[in-house]
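Let's take a walk through this model together, chain by chain. Keep the viewer open as you read.

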Amino acid sequence: MMLKLSKDKIGELFQKIASDRTLYLPVDNNGQVNFGRWTPDAAVRLDQLKTVKSSKDFFFPQTENIVAFKRQGKDISIIEKRDANEPFVVFGVRGCDVRSLDILDRVFLCDPVDSFYKARRENGTIVSFACSEPEENCFCGVFGIDAADPLGDATIRVIGGDLYWDAKTDKGRALEESAGALFTQATALDSDAIKEHDERSREISGRLPLKDLDLDSFEESALLEKFNSPLWKELSQACVGCGTCTYVCPTCQCYDIQDFDTGHGIQRFRCWDSCMYSDFTLMAHGNNRKSQVERFRQRFMHKLIYYPANNDGIFSCVGCGRCVAKCPISMNIAKVIRALGGVSVSV
Amino acid sequence: MRRIRDMIRGRAGELLRDGTVNRVLGWTNGEFYYDPNPAIFETEKSLDSLVYNGFSAAMLSKYLIEATKKEGRVLVFLKPCDTYSFNHLLKEHKVNREKTYVIGIGCGGMLDIEKLRTLGAKGIESIDEEGENVVAHTLYGDKTFARRDALLEKCLSCKGKEHKVYDELAVADDLWEWETVNRFTKVGELEGMGPGERFSFWRGELSRCIRCNACRNACPVCSCLKCVFDNPRSGVQAKANADSFEENMFHIIRAFHVAGRCSDCGECSRVCPQNIPLHLLNRKFIKDINAFYGEYQAGAVAEGKSPLTEYATGDVEPSIVYERGGA
Amino acid sequence: MPINEEGGAFKPLIVAFCCNWCSYAGADLAGSSRLNYPANIKVIRVPCSCRVNPLFILRAFQRGADGVIMCGCHPGDCHYTSGNYFARRRTALLFSMLDYLGIEKGRTRVEWVSAAEGAKFANTMNQFAETISALGECRRLEDIRCVESEI
């Protein structure tokens, strides 16, 4: 059942949601919009299509403490460090980011289950946000994502001066109940507006410049052919080896575990890692990917061949376009798919 | 700049053909007008995709470190600001001048796609650069912006149109000119604040850091074979903003490592995905160096020493910092 | 982080990098001359003031120092001819940068102390400790993970 709320009452909705759990939503910090904690004076920016970093942070944070060791005399005590498991809501997640959690689930929730991730997934409620005006670097449609009606526990659409609420799971309905008094029932007239909104959004998605990226040839049987392609050298020569693409990516899931000597104990934490870095998967014998060509290739082979081969053909890219927008030298997965996917680069 | 593009395409073809150079370092077109990426061209035919427009901001000099390790000579296109970085790389013997052929190209100011987006260009399909205007053709209609409003931060305080080093020039007399601003204004403003205010300013900015290392990797003078931050034994977290200290420390040390060598090309700020004004750290060092040890512009010449690799017996005492007044 | 909270008076933690050839000997002389300087100044001996990597200074603040002082040979007297001249330029720039980032400038200091200047060493340290006591704790560059109660 679709519910409705006047847009100027959205602050009350946030207040209601935040009254008994933490609410994260797109917030402006000096012109950059990222997901942040809601406070009554937070600069909420729902008009921004994409946050710089994705909603991945709330389930798989960039750094998290795992365990600490403390030595007293000859005794070493092991202290488990785990964030308190408290319910939270991520509000305004776009369709691409919603799908990315499905991709992360397949990594972290398969055996052996990552209990840190699992706890966050169970505690998190996702309120997705339908896209009304997709941008030119979006290509979620290529991966079968419907940005006009994304998945999630509940979905909101902002049409004109109204916000429409559509609870899709038990979690979403529970959230709806706690804020129930604010909503009114949507009418038949509203259904028409929603239908029109979705159709318009899909129509725009249908003419985005990257909509025709051709993924057909990226399949397990082509692994060696793609791996040995001479194009990697050409594509990677501009790469400066930073981790921007990895860190803004909603589906990158590699991490490193490091120890930090605090002076009176050891703090063991995990942090995101990037296959673009020279010390990625560094072992006693050295690094098995010594050149940037190999590192660059690894990132895209993983997203387009290795991951799908292990996960029912699902690509580890959601077409959010963040890497397209943020790469310092404008090399990105769209260019890689164009070059290796058998379709010539359009000018 | 289209004229310059045609000039350099033609000239690059000639130089490849007559064997003066073996490869060409330039920019190749991408999916959009605004995303050309640096590329190496080895055949005359491949030069068809060579582009030079308001979005060819990525500097090429750093790529020469690798490119000049190969056999043969490489042709490179350097904008005026890039010639400073090139000179500095020559000074530090990172690039072999004999293996390069430099065409200095004119520049009409580089554009910032993020600024265009902030100004309201959503869903940009193509862009036209028309003199003092930039027209964005978007999925949601056409929009015209003043070029000055869309210039990259680094171009607002352009060092000028003079190429410091070149073998030949490809310039045009109709390039757009703009009024530049004093690069130290913001630094001065910060200096005028109290320590608490300054601290919160930097905390606000640096807390956005995601430790992607783009600032370091794009920097033309960050050319160590192995960076101190990539050493797992150095006790610093190279890839995690594990604590606010790590964010502060990384940015202080990064800026310090390029102090006296930084030509203020502004690449660090341009590439930052979180738009942190990193150039304000570098400019603080430049401002201090100028004030303490005399005016110095890194990369103005390829010879001589940098301020931190030399000294004078009469140098100011470090106490100058707290004698300078202010809070 | 105060190292001694007895009696309620704030005792700052101060790190002093001292050159082996001059100020470290100066500290020795201060000691053998029975001159007093605060016990909460931790002296770290370095082969030359030039050996002080900017990271050392940041590390001190990371791990709870409230002030950092670097002492070297008087300009012109460096055991290695010119080490302190380079150190002088570096610290001038680094301390200016720390000030720019909001670490009060009084928290950092450079002094030239020779092996014969035991009294100067003690005086300098007393003065510096006073300044830092007045400024109070330095939390701005502290690493939260290094606070004892965190683990």
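Residues are numbered from 1 along each chain as its sequence is written, while chains are lettered from A and ligands numbered from 1 in the order in which they are written.

Start with chain A, whose secondary structure comes to 11 helices and 12 strands (DSSP runs numbered from the N terminus, with H or I over at least four residues for helices and E over at least two for strands). Its radius of gyration is 22 Å, close to the 20 Å that the globule rule gives for 347 residues, so chain A is as compact as a globular protein of that length. That radius is taken over C-alpha atoms, and the rule is 2.2 Å times the number of residues to the power 0.38. Along the principal axes, the C-alpha atoms of chain A fill a box of roughly 65 × 65 × 40 Å.

How confident is the predictor here? Chain A averages a pLDDT of 93, and 98% of its residues score at least 70; pLDDT is the predictor's confidence in each residue, from 0 to 100. Over residues 343–347 of chain A, though, the pLDDT is below 50. Where pLDDT is low, the predicted coordinates should not be read in detail. Next, look at where two chains meet: 38 residues of chain B are in contact with 42 residues of chain A, a contact being two C-beta atoms, placed from the backbone, within 7 Å. Strand S2 (37–41), strand S5 (124–130), helix H8 (195–206) and helix H9 (214–218) of chain B each supply at least two residues of the side that touches chain A. The largest share, four residues, comes from S2(B).

Chain C has four helices and four strands, and from the N terminus on its elements run β-α-β-α-β-α-β-α. Buried residues make up 56% of its 151 residues; a residue is buried if 20 or more other C-beta atoms, placed from the backbone, lie within 10 Å of its own, exposed if 12 or fewer, and partly exposed in between. Among contacts in chain C between residues at least 6 apart in sequence, 80% join residues at least 24 apart.

Finally, zoom in on helix H2 (residues 54–62) of chain C, where the buried residues include C:Ile57, C:Leu58 and C:Phe61. What covers the buried residues of H2(C) includes helix H10 (244–257) of chain B, together with strand S1 (14–19), strand S3 (67–72) and helix H3 (83–100) of chain C. Just after H2(C), C:Gly64 takes a positive phi of about 105°.

Technical notes:
Predicted model: local features only at pLDDT ≥ 70, side-chain atom pairs only at ≥ 80, totals over all residues.
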